[in-house]
There are 4 protein chains.
Amino acid sequence: MSFKYAFRVRWVDTDVAGVMHYTNFFRYFEACEQEFYRSLGATHAKIREKYGIMLPRVEAHCVYMVACKYDDLIEVVMKVKEITDKTVTYEFQLNKKETNELAAEGYLKCIAVDLNWKATLLPTEVAGILRENMA
Amino acid sequence: MSFKYAFRVRWVDTDVAGVMHYTNFFRYFEACEQEFYRSLGATHAKIREKYGIMLPRVEAHCVYMVACKYDDLIEVVMKVKEITDKTVTYEFQLNKKETNELAAEGYLKCIAVDLNWKATLLPTEVAGILRENMA
Amino acid sequence: MSFKYAFRVRWVDTDVAGVMHYTNFFRYFEACEQEFYRSLGATHAKIREKYGIMLPRVEAHCVYMVACKYDDLIEVVMKVKEITDKTVTYEFQLNKKETNELAAEGYLKCIAVDLNWKATLLPTEVAGILRENMA
Amino acid sequence: MSFKYAFRVRWVDTDVAGVMHYTNFFRYFEACEQEFYRSLGATHAKIREKYGIMLPRVEAHCVYMVACKYDDLIEVVMKVKEITDKTVTYEFQLNKKETNELAAEGYLKCIAVDLNWKATLLPTEVAGILRENMA
């Protein structure tokens, strides 16, 4: 099962080479993740409040295939790839909708930490919901 | 007449004070402007190609009233405020939809320049379309 | 009296028009402010801890004269312009060092708030130090 | 042989969790790369002009160990890791200078493309200079 989020490349996303700067792909990974969590009735703020955990990234990766340009319509496709007792890994693909090209793909690995930034177990309820949404 | 564009505050938009960083309001001014132009069937890329002009900012201003937080739903309301032979000025308001508060308001003044960055007249057609959309 | 801070325009600062994006001038206003405070032996984090206040922006303004390009060496010149019982306003100029051109100028007005975001008096000690550094 | 570049974490680099946002590590990878090239007497702009090539990223990776906070002094250590006929890969480490901790490490893989974004050979001269600076 996958979650989808679409956006238009913004002027500020571009650089002097005329394409979306490579760091901005990671911004849209995260925008998609935010919408995914809200689709589950949650936000990182609510998770923090309810469970006393945060989910900082421990690893980020992206492979770039096709340049994205100003005003391109991009669809992010996200899957929950792997869940361990303390971590969750999401996979992302960015597709150029007008040309049906795979522009980039990557992943984010996150670890559950308590409010003192100490690694901790993923709450069972959170892990359960994420597992239901795995690929 | 006004144009509206809504967005959710992203994690990356926030800062250590827990609120949307003041520079990001300007990013959303511009996102709204981009959607406004596309609603008219145009983009800055098309305007550049068709008329040989760009519209860089010569002035930017924002007044901040209420802090915006992660995942807040914000509506940008944009109006074309003033058109001169070479410039166009847009006004923006950012409203927090959940609380119906005015979070910020400001403006962007842009000048028409040719591809050598020399100030030039706003193309009649562009000025006309913008004038039709004035407050 | 003024405070100076220099930087090189980064690739990520540029946009498809080949120049520094207008929002990034405000990022460098703030970078300069940060270095200014550290030159006084302070940081916003220390001020928050010591006095229980933060200094969010209530107004931001910038006028753009000359485009800044990738790798340009830019000097920010900052002055404390005005202090009231609750606010401080800084003025900034951005100069292109290689060509000795004024690229942009603007200001930031900040208000003292307590940790509940309620407007409060600037601590006497902070106001005093800032006043000593006024233009 | 390695190249070093130091910076202070900016307010805008932080997020509501109180730490540098994970995307900003990649911004500083690139800032270090820019300074590295200038230390060799080059910039991406000059390389583009002289050789007709650009060096977009085809892969980006970062592992995060220790959170970086506002105003932390961070040193980026960069090494040229691998050169092929068309690509160059840089390795980066981010060290927190005040605590002597490794905060993050990662790499960027870049491919030479001509001005039409077609993959091409790394110019011999560029490859030679990079090879001299390899680990």
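Visitor: How do β3(A) and strand β3 of chain D pair?
Guide: In this predicted model, β3(A) and strand β3 of chain D, which covers residues 57–64, pair in the antiparallel sense over five bridges. Within that pairing, A:A60 stands opposite D:C62 in β3(D).

Visitor: And how many residues of chain A are in contact with chain D?
Guide: On the side of chain A there are 24 residues in contact, and they touch 24 residues of chain D. The area buried between chain A and chain D comes to about 1,800 Å², and carbon and sulfur atoms give 59% of that area.

Visitor: Which elements of chain A give two or more residues to that side?
Guide: Those elements are α1 (22–39), β3 (57–64) and β6 (101–111) of chain A. The one that gives the most to the side touching chain D is β3(A), with eight residues.

Visitor: How do the residues on that side divide into nonpolar, polar and charged?
Guide: The side of chain A that touches chain D divides into 16 nonpolar residues, three polar ones and five charged ones.

Visitor: With charged residues there, how many salt bridges does the rule find across the interface of chain A and chain D?
Guide: Across the interface of chain A and chain D the rule finds zero salt bridges, although it does find eleven residue pairs in polar contact there, counting pairs with both residues at pLDDT 80 or more.

Visitor: Why do the copies meet through the same surface?
Guide: Of the interface residues of chain A, 100% are also interface residues in chain D, so these two copies meet through the same surface.

Visitor: What about chain C and chain B, by what turn can one be laid on the other?
Guide: Chain C can be laid on chain B by a turn of 180° and a shift of 0.0 Å along the axis, with an RMSD of 0.0 Å. The two copies are therefore related as by a two-fold rotation axis. In chain C, the C-alpha nearest the axis is that of C:H61, 2.2 Å from it, and the same surface serves both copies, since 100% of the contact residues of chain C recur in chain B.

Visitor: Staying with chain C, how many bridges join strand β3 to strand β6?
Guide: Seven bridges join strand β3 (residues 57–64) of chain C to strand β6 (residues 101–111) of chain C, and the two run antiparallel. Here C:A60 stands opposite C:L108 in β6(C).

Visitor: And which way do strand β5 of chain C and β6(C) run?
Guide: Strand β5 of chain C, residues 87–96, runs antiparallel to β6(C), and ten bridges join them. C:V88 stands opposite C:C110 in β6(C).

Visitor: Which residue in the hairpin of β5(C) and β6(C) takes a positive phi?
Guide: That residue is C:N100, with a phi near 55°, in a hairpin that has four residues between the strands.

Definitions and conventions. Residues are numbered from 1 along each chain as its sequence is written. Chains are lettered from A and ligands numbered from 1 in the order in which they are written. This is a predicted model: local features need pLDDT of at least 70, side-chain atom pairs count only at pLDDT 80 or more; totals for chains, interfaces and linings use all residues. Side-chain values use heavy atoms; hydrogens and water are left out. Contact means heavy atoms within 4.5 Å. Buried area is the accessible area (1.4 Å probe) that two parts lose on being put together, summed over both. A salt bridge is a side-chain nitrogen of Lys or Arg within 4 Å of a carboxyl oxygen of Asp or Glu. A polar contact is a pair of N or O atoms within 3.5 Å; within protein, one must be able to donate a hydrogen and the other to accept it, and residues adjacent in sequence count only if both atoms are side-chain atoms. Ala, Val, Leu, Ile, Met, Phe, Trp, Tyr, Cys and Pro count as nonpolar, Asp, Glu, Lys and Arg as charged, and the others, Gly among them, as polar. Two strands pair if DSSP finds at least two bridges between them. Copies are superposed by least squares on the C-alpha atoms of residues with pLDDT of at least 70 in both.
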